[in-house]
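Open the model in your viewer and get ready to select.

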Amino acid sequence: MKPARGAIVRAVAAVTASLSIGCATAPRHSVALTADESSALAAVQALFDAIESKDSAAIAALVEDAATVTALRDTPDGWTRSTSTREQFAAGVARSRSALRETMTSPRVFADGPLAVVWTPYDFFIDGAHSHTGIDAVILIRDNTGAWRLHSIAYTSRPPAQE
């Protein structure tokens, strides 16, 4: 029995759509980063290191003066949003009495001239315990010295998955 033409068209469309989605969501950098992408990613890692060492001077050196940090938290009542300035963010990190550590998993990095974007899932730990997870979206701009500076940071925050 020969399948109906419509069924074949729908099957081909479904396979094409799933392949397109798979390609769109696959990591862009499966082999190697360019020098610009690598240095942009290193700037984000340097921020994570500064957070872990509670070094507000290092945070200030990495983050532009007018930068904002926006947290989007998943709560039982829905998503909440809070935005802080570079100074507020750095001061909050510095005064924390807890050990803080953030780790990236499978970052995607895109760079074009003086602009870069790092999009990465992350895990955040407070005093060694898994506190939350989410996505970091960081926009970086290369300054006139050639260094990447963090221009804007936005992130989602969810409780860790129950195991």
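Select H4 first. This helix gives the most to the lining of the largest pocket, with 5 residues. Helices (H or I, at least four residues) and strands (E, at least two) are DSSP runs, numbered from the N terminus.

A note before moving on: this is a predicted model, where local features need pLDDT of at least 70, side-chain atom pairs count only at pLDDT 80 or more, and totals for chains, interfaces and linings use all residues. Residues are numbered from 1 along each chain as its sequence is written, and side-chain values use heavy atoms, without hydrogens and water.

**The pocket**

Now select Val 69, Arg 73, Phe 89, Phe 124 and Tyr 155. Of the 26 lining residues, these lie nearest the centre of the largest pocket. Elements giving two or more residues to this lining include helix H2 (35–53), strand E1 (63–75) and strand E5 (115–126). Colour the lining by type: 15 residues are nonpolar, 7 polar and 4 charged. Here Ala, Val, Leu, Ile, Met, Phe, Trp, Tyr, Cys and Pro count as nonpolar, Asp, Glu, Lys and Arg as charged, and the others, Gly among them, as polar.

What is a pocket? On a 1 Å grid over the protein atoms alone, it is an open set of points where a 1.4 Å probe fits, with protein on both sides within 12 Å along at least five of seven lines; lining residues have an atom within 4 Å of a point.

**The whole chain**

Zoom out and show the cartoon. The protein chain has 4 helices and 7 strands. Trace them from the N terminus: α-α-α-β-β-α-β-β-β-β-β. Of the 163 residues, 28% count as buried (under 20% relative accessible area, 1.4 Å probe, protein chains only).

Definitions and conventions
Buried < 20%, exposed > 50% of the residue type's maximum accessible area, 1.4 Å probe, protein only.
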